[in-house]
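The sequence and structure come first.

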Amino acid sequence: MDRNPYAIFLSEVILQQTRVAQGNAYFVKFLEKYPTVEDLAAAPLDSVLALWSGLGYYNRARNLHRAAQHITQNWGGHWREDVADWMQLPGVGPYTAGAVCSIAFDTQAIAVDGNVERVLSRIFHVTHTVGTAEAQRAFNAAAWAILPPKRTGQHNQALMELGSLICTPRQPKCAECPVASLCAVSFQPNAAEALPVKKKNAPVKEVILEWALYSILGHVALRKRTEKGIWQGLYEPPSREAWETDISWTGPNTFSHALSHRKLFISLYWARNIGGANHLPPPPEGCQWIPLDKRDEFGLPAPLSKAILKKMIYLMH
Ligand code: SF4
């Protein structure tokens with residue numbers, strides 16, 4: 001087992017709200033570029049966001065960066081083994097703190113994520129709605145009740161694995177389950193699938209974005225988003241009005257991009273080699289010219305990096 005607290009913390013942050021298959025590649029990239037917490041703390045935020053590009057939920061990257069700075073500045077070179085210390089870090093809640101402390105140090109700590117909630121709700125027949133204070137109390141009490149005195153990290157990871165591989169949301173594999181004899185709903189597929197009880201999802205909000213992409217001499221004009229929100233600090237194209245100049249526009253290319261609670265409908269207009277320029281003119285207000293071949297050094301929203309730049313590169317050849 002890798003007991004490097006930094007690597008364990010990194011993987012826990014990356015794997016929140018991310019599939020393991022996708023998260024693994026990012027975990028490897030981060031460890032390669034920032035092998036220690038000091039390396040991550042010293043990196044410019046822009047570089048961290050750039051490496052995070054495509055994972056979404058960019059606040060996780062901002063918090064990870066600030067947490068690394070807090071650790072290097074305030075922990076005096078010693079890892080803390082106490083959940084309360086980890087919960088002082090930006091973006092670190094009870095789950096992450098408990099997971100890191102138990103896995104890295106075998107601290108007496110529970111780690112209740114979605115998979116563990118499902119397992120506990122079924123074993124102990126917890127019927128409170130997930131997300132309510134009652135449910136949280138019931139899950140925490142159940143998790144503490146079965147926490148062993150030693151090897152808490154292995155125990156917590158085993159519970160997570162049980163949830164992800166055996167006690168699945170649909171058709172749990174009770175015949176393969178090592179705790180079937182203790183479970184309130186074992187071999188009762190309908191009763192098991194009804195747990196945990198979940199709130200109805202909030203309706204997905206639709207958002208319309210109009211982007212104008214200027215391309216000159218292998219550069220694109222992008223601006224850094226300062227507005228609060230999921231893309232704060234990332235680079236995006238300006239709106240069409242941002243540059244008063246005589247441009248013939250092509251497009252729009254339209255496409256949609258789904259986020260967890262939003263569906264974006266993006267119209268992309270583009271103009272290239274404006275006026276046959278052979279030098280870079282001043283960019284639209286608030287923008288800078290970013291060389292296309294250096295785009296990986298800038299944090300771009302996923303739909304921009306995946307769809308738009310692919311299109312741009314295609315257009316340039
Ligand atoms: S017996 Fe079935 S429902 Fe119960 S914990 Fe195991 S897999 Fe889940």
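Sorted by class, the shell around the ligand holds 12 nonpolar, 1 polar and 2 charged residues. The model is predicted. The ligand is surrounded by 15 residues, and helix α1 is mostly covered.

**Ligand shell**

- The closest of the 15 residues around the ligand are C167, C174, C177, C183 and S186.
- Helix α8, residues 114-123, supplies the largest share of the shell, 3 residues.

**Helix α1: burial**

- The buried residues of α1 are Y6, I8, F9, L10, S11, E12, V13 and I14.
- What do the buried residues of α1 pack against? Their partners are α2 (20-33), α3 (37-42), α5 (58-74) and α7 (94-105).
- α1 is followed by Q17, which has a positive phi, near 55°.

**Helix α1 against helix α7**

- The axes of α1 and α7 lie 10 Å apart, and the two helices pack at an angle of about 145°.
- The crossing of α1 past α7 is right-handed.
- On the α1 side, the contact involves P5, I8, F9, E12 and V13.
- On the α7 side, these residues meet T96, A99, V100, I103 and A104.
- By class, the residues of this contact between α1 and α7 divide into 8 nonpolar, 1 polar and 1 charged.
- An α-helix has 3.6 residues a turn, so residues three or four places apart point the same way.

Conventions:
Residues numbered from 1 in each chain as written. Predicted model: local features only at pLDDT ≥ 70, side-chain atom pairs only at ≥ 80, totals over all residues. Near = placed C-beta within 6 Å. Helix = DSSP H or I, 4+ residues; strand = E, 2+ residues; numbered from the N terminus. Nonpolar A, V, L, I, M, F, W, Y, C, P; charged D, E, K, R; others polar. Buried ≥ 20, exposed ≤ 12 C-beta atoms within 10 Å, placed from the backbone. Contact = placed C-beta atoms within 7 Å. Axes fitted to C-alpha atoms, helices over the stretch in contact; angles between N-to-C directions. Left-handed = near helix turned anticlockwise from the far one by under 90°.
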